[in-house]
Amino acid sequence: MKEIALDLIQKYNWLVLLYFLGINGTYILLNILSFFAIKRYLKERKTTELERIFQSPFFEPISIIAPAYNEEETVVESAKALLQLQYPQHEVVVVNDGSKDRTLKMLVERYKMVKAPITYPMQIDCKRIKQVYVSPEYPNLVLVDKENGGKGDAMNAGVNVSRYPLVCFIDADSLLEPDALLKVVRPFLEDPTTIGVGGIVRIANGCKVKAGRVIEVGMAKNSLARFQIVEYLRAFLFGRTGWDILNGMLIISGAFGLFSKKAVVECGGYRSDTVGEDMEFTVRLHRIMREKKRLYRITFIADPVCWTQVPEKLKILSGQRNRWQRGLMDSMFFNMKMLFNPKYGIVGLFAMPFFFFFEMLGPIAEFTGYIVFFVSWYLNIVSFTFALFFLAAAIVLGIILSMGSLVLEELSFRRYPKILHLVILFAYAVLENFGYRQLNTWWRFKGCLDHILGKRGWGKMERKGFQAVKG
């Protein structure tokens, strides 16, 4: 029996090693692809392109849909920023998803909104819409008050009320840069098969905001927020960009994404029975378009920016990562038929397997790998030298990947103007491998367990409001 146990431990160590090689090899590939893709994009980008959108007869108006649940701290400022975006024609549809705070009251009072007898087609199922409000002073602002049904349900309600052929989903606590719509709409003008475009999400903690706009990019003082800056840059600059090059984009963030309204309706909108509605919808969009044999394009651009707040407390952050993991598992299981299925092209043969085995099962492999690895060392199944070398290799690769995204940021968009900011981020790119990464593994591992046990719900999310400046 002892020999069997030792043999199983040894084989499991080999599986962990294969996992390590597979995930890091893919990340390195994505990093290389992203470098050349962003370099090419910056070379092709011209300021006149934005001006041409205003003059182009082919532009399509956009409905911005912002679901809001207990967002009294930021919703007024966010709505103001959305109204001021640079675009030829757009409307802002704020959906109050049964908030228990003053979200509805603050919007009605600030924008002098009145009840409107608006009729709209119920193209997608959603909870009952109690009332629609409009503002005589801001004709492109619409407020939808509905029964609570979750973020996905709120977005569906917004689609039903929206008037325009393109719909942009954004979190109500986030801020878009003034030219974000002009940049994110470009793929729709270049390629008529485009049905979805994602923009980059950057962290607003530490930034100064005036009139609903980020006027000065700053560095968060909170250590957890700094770790997340490194994470977000890594996830978007080389993660999303790399998958886009491979035509394997499986997620357009619910914080900032632009879609064809027709495609959203055709796919049935967002599910309300998952906490990962943005990823699940993107994966399902791929599946349905492939099954209907449609020519389509789902892409990502790292230039249009959405600024958002991130948690600064361990309890809130752990809940968020737990929720993300459960959402990832839902996305995989709801669309399991795509896994290794050549019918779905690169998405089924490469993207889905990677996300299933390395992202979804990754926390299980990492968490149990730590335990088995130390047991193996204790039982002399692996030597101390090998254990030390493997641990060092994992840390060094993690640092290289994080620093690679920071270098890519500095060579491309340079949003952090001070050298001190970059020094801090490089330091946190190193430090995250000594505790923070392991914490993330534990939070995601617990998310796996909670999903298996049937846990549902979003949990608590704290809003602080943006660091505004006067004058």
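## Ground rules

Residues are numbered from 1 along each chain as its sequence is written, and side-chain values use heavy atoms, with hydrogens and water left out. Since the model is predicted, local features need pLDDT of at least 70 and side-chain atom pairs count only at pLDDT 80 or more, while totals for chains, interfaces and linings use all residues.

## Helices α11 and α15

Two packed helices are described by the angle between their axes and the distance between the axes. Let's start with helix α11 (residues 314–334) and helix α15 (residues 419–452), which pack at about 50° with their axes 8 Å apart. Helices here (H or I, at least four residues) and strands (E, at least two) are DSSP runs, numbered from the N terminus. The axes are lines fitted to C-alpha atoms, for helices over the stretch in contact, and angles run from 0 to 180 degrees between N-to-C directions. So α11 and α15 count as oblique to each other; on this scale, angles under 35 degrees are roughly parallel, over 145 roughly antiparallel, 65 to 115 roughly perpendicular, and the rest oblique.

Which residues of α11 and α15 make the contact? On the α11 side they include Leu-314, Leu-317, Arg-321 and Phe-333, and on the α15 side they include Tyr-436, Trp-443, Arg-444 and His-451. Contact means heavy atoms within 4.5 Å. Sorted by class, this contact has eight nonpolar, six polar and six charged residues. For that sorting, Ala, Val, Leu, Ile, Met, Phe, Trp, Tyr, Cys and Pro count as nonpolar, Asp, Glu, Lys and Arg as charged, and the others, Gly among them, as polar.

## Helices α8 and α14

Next up is α8 with helix α14 (residues 384–411): they pack at an angle of about 75°, and their axes are 9 Å apart. That makes α8 roughly perpendicular to α14. From α8, the residues Val-230, Leu-233, Arg-234, Leu-237 and Phe-238 meet Leu-401, Ser-402, Ser-405, Leu-406, Leu-408 and Glu-409 of α14. This contact divides into seven nonpolar, two polar and two charged residues.

## The nonpolar cores

How many residues are in the largest nonpolar core? It has 68, and those with the most contacts inside it are Phe-169, Ile-229, Leu-237, Phe-259, Val-264 and Leu-285. A nonpolar core is a set of buried Ala, Val, Leu, Ile, Met, Phe, Trp, Tyr and Cys residues joined through side-chain atoms within 4.5 Å. Buried means under 20% relative accessible area, exposed means over 50%, and partly exposed is in between (1.4 Å probe, protein chains only). Helix α8 (residues 223–245) gives the largest share of this core, nine residues.

Take Phe-259 as a case: leaving out residues up to four places away in sequence, it touches Pro-165, Phe-169, Phe-188, Val-264 and Leu-285, among others. Another core lies apart, with 36 residues, including Ala-68, Leu-107, Leu-141 and Leu-258.

## A buried helix

Helix α5 (residues 151–161) is worth a look: eleven of its eleven residues are buried, so α5 is largely enclosed by the rest of the structure. Among those buried residues are Lys-151, Asp-153, Asn-156 and Asn-160.

## Two asparagines with positive phi

Asn-70 has a positive phi of about 55°, although it is not a glycine. You'll find Asn-70 in the loop between β1 (62–68) and α3 (75–83). Asn-70 has 29% relative accessibility, so it counts as partly exposed.

Asn-247 isn't a glycine either, and has a positive phi of about 60°. Asn-247 sits in the loop between α8 and β11 (256–260). Is Asn-247 buried or exposed? Asn-247 counts as exposed, because its relative accessibility is 55%.

## Distances along the chain and in space

Cys-207, in the loop between β8 (194–203) and β9 (208–210), is buried at 1% relative accessibility. Cys-207 and Leu-379 are 172 residues apart in sequence and 51 Å apart in space, C-alpha to C-alpha.

Gly-345 lies in helix α12 (residues 345–360) and is buried, with a relative accessible area of 16%. Gly-345 and His-286 are 59 residues apart in sequence and 9.8 Å apart in space, C-alpha to C-alpha.
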